[in-house]
Each structure stands twice: as structure tokens, then as C-alpha cells.
Amino acid sequence: MTDSEALYLDAAATEPVSRDVIDAMTPFLTDAYANPASVHQPGRTAARALDAARASFASDLGAKPDDVIFTSGGTESDNLAVKGIAMARMRRMGLGGFATGAVSAVSGDAAASGDAAGTAPAVRRPRIVISSIEHPAVSGSADWLARWFGFDVVRIPVDDEAHIDLDALEQALDGEAGERTTLVAMMLANNEVGSVEPIERIVSIAHAHHVPVHVDAVQAAGLIPIRMRDWDVDSLAVSGHKFGAPKGLGALLVRGRTPIEPIISGGGQERGLRSGTQNVAGAVALAIALRRSNTRMAAHYRELVASRDMLIDAVRRVVPRAELTGDPERRLPGHVSFVFPGVTGEALLVDLDARGIACSSGSACAIGRHEIPPTLLAMGIEPQIAKSALRMTFREPLTRVDIERISLAIEESYAALTKR
């Protein structure tokens with residue numbers, strides 16, 4: 001890489017699609033384009049490719065082929081899991097508006113109850129438990145359940161490294177309140193600061209209270225090993241463009257034992273949970289991209305961690321006031337995040353971009369809105385400091401030359417901005 005080339009440090013927002021993924025997709029966009037539901041020979045060819053992609057994809061996530069529901073991405077997957085599982089469990093548990101077979105929009109502030117004459121039965125409010133740092137696809141789905149079905153949404157706090165408070169989770173599931181809990185939804189790795197959560201402990205706690213667990217693994221897939229069934233996870237969401245598939249592709253992995261309602265009605269494809277003609281080329285792309293990403297992870301994991309830590313040390317050396325955010329060790333291998341007191345993240349991003357360094361200030365879903373990264377606020381960081389967040393993410397190990405170039409750019413940018 002030459003000095004004139006831009007350094008792309010925003011892989012957590014999206015990755016490029018490799019030539020081998022494009023080549024694998026192309027036949028199913030041109031020659032083998034038939035609908036996989038068709039019974040003729042071209043349709044059977046497409047169906048075999050879809051089945052092979054499903055099997056490969058499941059294997060690389062520690063799951064079984066029947067677990068895989070192909071979707072349009074992480075957001076749809078999280079919506080299907082959170083809304084679908086919560087509503088199915090609400091009905092089975094006799095909670096909320098479904099207790100009488102009617103759909104009701106119960107206020108999020110007060111439980112529905114019968115009138116003085118007893119014409120309407122009282123209902124027990126269903127609950128959903130999420131963390132305070134969930135992606136909007138999860139937190140927004142939980143809030144939707146509160147708005148339309150009267151769910152209580154319980155947000156579990158995190159510590160100053162963005163790790164879930166396991167004692168608080170245990171307390172939230174104890175007693176009668178736990179008996180009304182339909183789902184626990186937690187992310188595997190945080191998109192803003194890279195901290196990796198103790199999913200096996202979370203699952204153990206939730207299952208001890210007979211509550212299923214949904215895991216948002218969007219930021220983790222292809223970067224750290226995922227063993228869905230070994231962890232006993234009930235459902236898990238991934239997004240293809242985070243590991244080298246085209247945008248608009250993803251999957252929800254959901255165990256057959258897990259009750260779930262579809263949120264898209266139609267022809268009943270994908271086990272009746274996600275209707276719509278399957279994107280065979282997209283499924284192939286997901287399988288090839290994930291296999292490629294997992295292979296790269298196995299080959300370069302240590303080097304990626306080493307270059308991450310070298311970059312962290314370099315930033316601390318050139319800007320002593322900079323503060324690392326997230327867990328310094330239990331974090332994604334190619335994820336570096338800091339706050340830089342005295343400047344704004346927006347100004348820093350613009351200045352670094354002019355110097356050929358492309359990075360971000362946090363969640364890609366908030367880019368352009370200049371929002372304070374919510375994870376940092378949940379970690380207890382003051383809003384003014386949180387505004388100075390910078391995130392640098394990469395999938396290939398950085399060279400020493402890269403690290404020197406990045407740290408020099410940050411040093412010069414920070415010095416220029418603090419003089420204004």
C-alpha cells in the first residue's frame with residue numbers, strides 16, 4: 001500500500017465483496033436462475049444449490065441446516081427473532097392481548113385490566129429482557145412490542161467495559177417477573193467498542209429460568225468462532241455484508257424447539273418463517289463469504305490481534321489523553337476504539353479522511369446523524385467525552401508502516417483540532 005492510497009478502517013460498517021464470491025454467485029444470476037420451488041430440472045438445480053449453501057453456512061456457525069432461515073440482513077433477522085419469538089411465547093404463556101385470542105395495543109405504562117363489571121379479563125404483561133447496548137434492530141423491536149402489545153422492556157446495564165451485568169440479569173429473571181419473560185436478547189460483540197459478551201453464561205442464566213435466548217452476532221460472524229448449538233443458543237442473527245457478501249443478505253438461525261411466529265406472510269418459504277422466493281445467488285454468496293472469512297480468521301487471528309494491540313499502543317503514545325473504550329483484551333480482533341477529549345468525533349473523522357484514513361465514530365447506522373454513541377453513554381462516559389469517539393476496524397493485519405501512518409495522522413489531526 002502506498003502513501004497515496006486511502007487506508008480503509010471501517011470494516012465493521014461493511015466489507016468489500018471478493019471476486020470469488022462474485023464468481024460463485026454469477027451462474028445463479030445468469031444460467032441457473034430458476035425458482036428453487038419449481039419441480040422441473042432447472043428448478044431442482046437451483047434447489048440443490050440452495051441446500052448446499054444452507055448446509056455450508058450452518059456448519060460454519062456451529063448449527064444444522066434446518067436452523068438456517070435466509071433473510072435480507074441482520075436487521076430483518078433481529079426483527080424476526082425478537083418479535084416472532086416474543087409473540088409466539090406470549091401466546092403460549094397466555095400473556096397480554098393474546099390471552100383472549102385478540103390482538104390488543106396495551107399501553108407500555110399500564111397493564112390492561114377488566115372493568116368494574118368484570119367484562120374483560122385482566123392480563124399479565126409479557127416481558128422482554130435486552131441489554132442497554134443493543135443495536136436498534138433489537139432495541140427498536142423490543143420497543144415495538146411494548147407499544148403494540150404492552151410488553152415490559154427490561155434493559156440490563158453494562159459495566160465500564162461494556163460487559164453485561166450478569167447479576168442484574170439473574171435478578172431480572174427471578175420470581176414472577178421471570179415467569180412472564182418471553183425472551184432474552186443480547187449481542188455477542190458490541191459494534192461500537194468491540195467487547196465480546198459472555199454468551200454461554202447468559203444462556204445458562206436464562207435457560208435456568210426457562211427463557212430462550214436470541215443472540216445478535218452481526219459484528220462477530222467471520223471474526224471469532226461461533227458455535228450456536230454448543231452454546232445452546234435458541235436463535236442467532238448474522239448479516240452478510242459484515243463478512244464479505246453483498247449488502248441485503250443475512251440469516252436467522254433458529255432451533256426447531258423454539259416457538260416463533262413469522263412477521264412476513266406469503267408463500268411459506270424458509271420453514272414458513274420468511275416468505276418470498278429465495279435468493280439462491282445470495283445464499284451461495286453468504287456461504288462462500290462466510291467460509292472465506294472463517295478461513296482467514298483461522299489463518300491470521302493472532303496477527304490481527306497483534307496489529308490491533310500495536311495500534312492501540314501507538315495511539316496512546318501519540319495522544320496520551322486518548323482513552324481506549326471497551327475491554328482491552330476480550331474484544332474483537334480487528335477493532336480499536338477511543339475517545340479523544342477536547343475534540344469531536346465528527347471533526348476528527350473529517351480531518352482524518354482528508355489525510356487518507358477512513359474510519360468511523362461508532363455504529364454505521366448512526367453515521368450522518370452525528371449521534372452520541374449510545375454504548376458509551378451506557379458505559380458511564382460523559383456525553384461531551386462520548387462525542388469524541390473514534391472507531392477503527394479492519395479484517396486484515398496491519399503492517400508496521402500502516403500503524404505508523406495511522407498514528408501520525410491521528411497525532412497531527414488531534415494537534416490541529418485542539419489548537420482551534
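**Buried loop residues, helix packing and aromatic pairs**

Threonine 325, with a relative accessibility of 4%, counts as buried in this predicted model. This threonine belongs to the loop that connects β9 (323–324) with β10 (335–339). When neighbours within four places in sequence are left aside, the residues in contact with threonine 325 are Val193, Arg331, Ser337, Phe338, Val339, Leu376, Met379 and Ile381. Between threonine 325 and aspartate 23, which lie 302 residues apart along the chain, the C-alpha separation is 39 Å.

In total, five aromatic pairs are counted in the model. Another of tilted geometry is formed by phenylalanine 57 and phenylalanine 243, with 6.5 Å from centre to centre and 40° between the planes. This pair links distant parts of the chain, since phenylalanine 57 is placed in helix α2 (residues 41–59) and phenylalanine 243 in the loop between β7 (235–239) and β8 (250–254), 186 residues apart. Both phenylalanine 57 and phenylalanine 243 are buried, and together with Phe70 they make up one aromatic cluster.

Helix α2 also contains serine 56, which has a relative accessibility of 18% and counts as buried because the limit for that class is under 20%. Apart from residues up to four places away in sequence, serine 56 touches Ala287 and Arg291.

The packing of helix α3 (residues 74–92) and helix α4 (residues 136–149) was then examined. Two packed helices are described by the angle between their axes and the distance between the axes. For α3 and α4, the axes come within 9 Å and cross at roughly 35°, and the crossing is right-handed. On the side of α3 the contact is made by Thr75, Asp78, Asn79, Val82, Lys83, Ala86, Met87 and Met90, and on the side of α4 by Ala137, Val138, Ser141, Ala142, Trp144, Leu145 and Phe149. By residue class, the contact comprises 10 nonpolar, three polar and two charged residues. Lys83 and Trp144 are among the contact residues, and the charged end of lysine 83 sits over the ring of tryptophan 144, at 4.4 Å from its centre.

Helix α9 (residues 345–354) has Gly345, Leu348, Leu349, Asp351 and Leu352 as buried residues. An α-helix has 3.6 residues a turn, so residues three or four places apart point the same way. The elements that cover the buried residues of α9 include β11 (357–358), β12 (389–393) and α12 (400–418). After α9 comes glycine 356, which has a positive phi, near 85°.

Most residues other than glycine have a negative phi, and most peptide bonds are trans. Alanine 162 has a positive phi, near 75°, and is located in the loop between β4 (152–156) and α5 (166–172). With 0% relative accessibility, alanine 162 is counted as buried. Arginine 271, in the loop between β8 and α8, has a phi near 60°, again positive, but its relative accessible area of 42% makes this residue partly exposed.

The loop between β8 and α8 (280–318) also holds threonine 258, which is buried, with a relative accessible area of 6%. Its contacts, with neighbours within four places in sequence left aside, are to Ile85 and Asp234. Threonine 258 and isoleucine 85 are 173 residues apart in sequence, and their C-alpha atoms are 7.4 Å apart in space.

Notes
Residues numbered from 1 in each chain as written. Predicted model: local features only at pLDDT ≥ 70, side-chain atom pairs only at ≥ 80, totals over all residues. Heavy atoms only, no water. Axes fitted to C-alpha atoms, helices over the stretch in contact; angles between N-to-C directions. Helix = DSSP H or I, 4+ residues; strand = E, 2+ residues; numbered from the N terminus. Left-handed = near helix turned anticlockwise from the far one by under 90°. Contact = heavy atoms within 4.5 Å. Nonpolar A, V, L, I, M, F, W, Y, C, P; charged D, E, K, R; others polar. Phe/Tyr/Trp six-rings, centres within 6.5 Å; stacked < 30°, edge-to-face > 60°. Buried < 20%, exposed > 50% of the residue type's maximum accessible area, 1.4 Å probe, protein only. Lys NZ or Arg CZ within 6 Å of the ring centre and 35° of its normal.
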